[in-house]
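Me: I have a structure open and would like to go through it slowly with you. Can we take the strands to begin with and then see where we end up?

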Amino acid sequence: MIFKHGILAAFLGVVLAACPLPAAAGSTIDVKAGFIRAPHVQETLSILDIPAADDGIAGAKLAAEDDNTTGRFLGQTYTIEDVRLQPGDDPAAALNGLLQHGVSFVLADLPAAALLTLAEAAKDKGVLIFNTSAPEDSLREENCRANVFHVAPSYSMLADGLAQYLVWKQWKRWLLFKGSHPQDELYAEALARAAKKFGAKIVEERIYEDTGGGRRSDSGSVQTQRLIPVATQNAPAYDVLVAADESEVFANYLPFRTWDPRPIVGSAGLEPLSWDGTHEQWGAIQLQNRFMKLASRRMNARDNNAWVAMRMIGEAAARTGSSDPKILRDYLTGPEFAIAAFKGQKQTLRHWNQQLRQPILLGDGRMIVSVSPQEGFLHQTSELDTLGFDQPETKCKLQ
Amino acid sequence: MQTAMKLSTKSVMGALAWSAFELHALAFAMTSPAFAFTAYVSNEKGNSISIIDTDKLEVTKTVPVGHRPRGIALNKDGSELYICAGDDDQIQILDTKKLAIIGTLPSGPDPELLILSPDGKLLYISNENDNLVTAIDVATRKAVAEIPVGVEPEGMGLSPDGKVLVNTSETTNMAHLIDTQTHKIFANVLVDARPRAAQYTPDGLELWVSSEVGGTVSVIDAANPKVKQKIAFAVPGLSKEAIQPVGLRFSPDGKRAFVALGPANRIAVIDTLTKKVEKYLLVGQRVWQLAFTPDAKYLYTTNGVSNDVSVIDVANLKVVKSIPVGSFPWGVAIADQ
């Protein structure tokens with residue numbers, strides 16, 4: 001067997017035993033989910049960012065506990081099966097393993113290409129997939145799929161959330177510094193689009209070539225201190241340096257080291273995020289406390305996306321009294337669906353591409369500095385649709 | 001120069017005092033005789049209780065209490081105020097004469113809201129972090145029951161006869177109906193996202209539950225616990241997402257419901273019979289909880305973001321005063337004396 005399977009159902013017995021009520025109508029509904037995940041890059045610039053072994057899945061586990069607490073009043077149980085892919089493993093084979101165990105909901109923490117492979121393999125199998133990490137806009141646009149829900153925000157949503165704040169601050173002259181990887185290019189494209197959309201100007205674009213090598217060393221700071229000023233000198237007048245580094249190559253080296261004293265935003269400094277361990281407004285502290293109790297660490301954006309995905313499943317099953325993916329899909333894409341996820345307002349689905357509408361947090365790793373959409377960015381249907389590609393411009397045709 | 005300055009300042013002050021007097025006179029013209037009640041307001045970030053003389057319409061004292069005070073409730077004779085000090089994991093007892101903390105009650109972790117049983121003997125408390133409702137015997141200061149409920153228990157309500165305790169759970173999205181004799185749940189009703197307040201109509205026939213994120217109030221048939229109607233809100237110029245129903249109170253005659261709409265900065269006034277919104281009253285920012293004066297003539301609202309309390313003239317449906325209090329006012333309770 002190439003996959004490491006672990007059925008996270010140990011707590012179920014406890015919950016059922018403690019059930020103070022007869023199950024509704026005498027029968028129980030079992031909602032079975034799977035979590036397919038590829039390993040995350042362990043080489044981060046800051047040791048604070050090294051992903052834990054249960055990165056992402058811990059959020060889904062917490063939501064399954066929450067769903068089970070609700071489920072005991074409704075006669076519903078929730079389980080998650082964890083599948084960790086090794087490099088070279090086929091996500092389609094992982095899906096088949098889950099199907100054999102009766103799973104009909106799959107949370108995917110996978111790169112874009114693997115997610116598309118999975119979506120293709122799941123076609124006509126009656127399975128719903130929840131994208132909890134891939135931010136590529138193409139997955140929501142030309143490559144959108146009817147069996148995929150996007151819980152993670154797209155690059156364009158993140159970039160627009162950041163841009164609104166920078167424009168509000170009147171920091172409109174940007175020095176765009178991007179990495180040399182394809183992912184960096186995608187994020188940079190979204191940032192450039194956001195600048196145009198909200199009236200900022202990219203005064204110059206620079207590329208930081210990844211020449212390979214380790215991220216950390218005992219004497220690393222000496223070199224970085226000399227390298228970054230040189231890499232950022234002779235820039236035209238700018239207000240803020242916008243970094244697009246999706247590969248942990250250079251962005252976190254920028255703060256306090258640039259030639260000109262300027263704030264850093266994007267992949268370091270002030271970052272647009274769907275969630276952060278420092279977020280505590282709107283009752284979020286309750287979720288943070290529950291997560292800390294379960295995982296002994298703070299909840300990051302991938303953990304939170306997974307929590308939201310598993311809660312969406314729980315919400316749809318509780319409201320419809322069903323575990324049938326067809327019925328749950330209709331509910332999630334219908335007008336009734338809304339989820340409370342501790343970001344100050346209800347979150348709903350963009351029916352045209354199945355992206356979860358959501359506020360974007362702007363955090364510096366210590367605090368949430370602001371939350372977008374910013375005041376004054378108006379929209380005829382939902383202010384959340386000022387973030388990312390909107391319905392009139394979508395290229396998505398769900399099938 | 002200085003004399004002139006002083007004089008003009010004085011005359012401005014005089015004008016202000018006069019207009020305040022006019023407002024007062026207007027407000028109390030139809031309320032005579034005016035009894036002074038005492039309103040207690042918990043300041044979530046101020047770690048204090050603001051004490052308001054409802055005759056003077058001003059804060060007479062601010063008492064420092066435990067960390068993150070939110071839900072507050074008075075005992076039957078108004079001699080003690082129970083304060084959920086969430087970050088201290090306890091309920092503090094404030095002697096309302098001495099204005100000093102005279103003891104604590106065990107509460108379980110992170111108590112948020114509480115309600116006193118009609119006979120005044122038991123306090124029911126929602127513990128956000130533990131998915132529990134705890135019942136505490138006030139006399140012995142001991143927990144006598146723990147009732148497992150949904151995720152993030154929040155609002156607490158009692159039927160007028162005291163036989164049914166209702167708890168809302170914010171992430172489970174239910175109103176849990178609990179038999180106060182057996183301390184067992186006998187019904188669970190799904191409502192819209194993030195339910196907050198639960199209140200019975202004074203005749204006990206309906207249970208209303210506000211849903212902060214769902215943006216609605218669910219009307220539940222008390223005899224056959226099911227949602228029979230949902231009340232929605234629309235304020236011109238405000239997005240749907242900004243309308244977040246939280247605090248909910250019925251006028252003692254049962255004719256009207258008042259619903260705090262959070263960041264919409266408004267109180268919706270609803271005709272209880274027709275379920276139609278009669279009026280939206282503009283109050284302070286992020287309006288949260290509500291309490292009537294014992295004579296039911298005024299309604300006090302806590303406005304978290306603007307750090308004040310709005311006073312509504314109930315007969316005329318007008319906001320007559322805003323009173324500055326401490327930082328992030330949250331709960332409010334008003335005593336007879």
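Me: How many bridges join strand β9 of chain B to strand β10 of chain B?
Reply: Six bridges join strand β9 (residues 122-127) to strand β10 (residues 132-137) of chain B, and the two run antiparallel; strands here are DSSP runs (E, at least two residues), helices are DSSP runs too (H or I, at least four residues), and both are numbered from the N terminus. Two strands pair if DSSP finds at least two bridges between them. This is a predicted model, in which local features need pLDDT of at least 70 and side-chain atom pairs count only at pLDDT 80 or more, while totals for chains, interfaces and linings use all residues. Residues are numbered from 1 along each chain as its sequence is written, and chains are lettered from A and ligands numbered from 1 in the order in which they are written.

Me: And what stands opposite B:L122 in β10(B)?
Reply: That is B:D137.

Me: Which sheet are they in, and in what order do its strands come?
Reply: It is an open sheet of four strands in chain B, ordered β8-β9-β10-β11, with antiparallel pairing. At the edges stand β8 (111-116) and β11 (142-148) of chain B, each with a single partner strand, so one side of each has no neighbour in the sheet. From one strand to the next the twist averages 25 degrees, where axes are lines fitted to C-alpha atoms, for helices over the stretch in contact, and angles run from 0 to 180 degrees between N-to-C directions.

Me: What about β12 to β15 of chain B?
Reply: Those four strands form an open sheet in the order β12-β13-β14-β15, and the pairing is antiparallel. Here β12 (153-158) and β15 (184-190) of chain B are the edge strands, each with a single partner, so one side of each is left without a neighbour in the sheet. Inside this sheet, six bridges join β13 (residues 164-169) to β14 (residues 174-179) of chain B, and B:T168 stands opposite B:A175 in β14(B).

Me: Switching to helices, at what angle do α5 and α6 of chain A pack?
Reply: Helix α5 (residues 155-168) and helix α6 (residues 182-198) of chain A pack at about 45 degrees, with their axes 8 Å apart. They are therefore oblique to each other, given that angles under 35 degrees count as roughly parallel, over 145 as roughly antiparallel, 65 to 115 as roughly perpendicular and the rest as oblique.

Me: Which residues meet there?
Reply: Among them are A:Y155, A:L162 and A:V167 in α5(A), and A:L186, A:Y187 and A:F198 in α6(A).

Me: And α2 with α9 in chain A, how are they placed?
Reply: The axes of α2(A) and α9(A) come within 6 Å and cross at roughly 25 degrees, and the two helices are therefore roughly parallel to each other.

Me: How many residues of chain A are in contact with chain B?
Reply: 19 residues of chain A are in contact with 22 residues of chain B, a contact being two residues whose C-beta atoms, placed from the backbone, lie within 7 Å. The largest share of the side of chain A that touches chain B comes from α2(A), with three residues.
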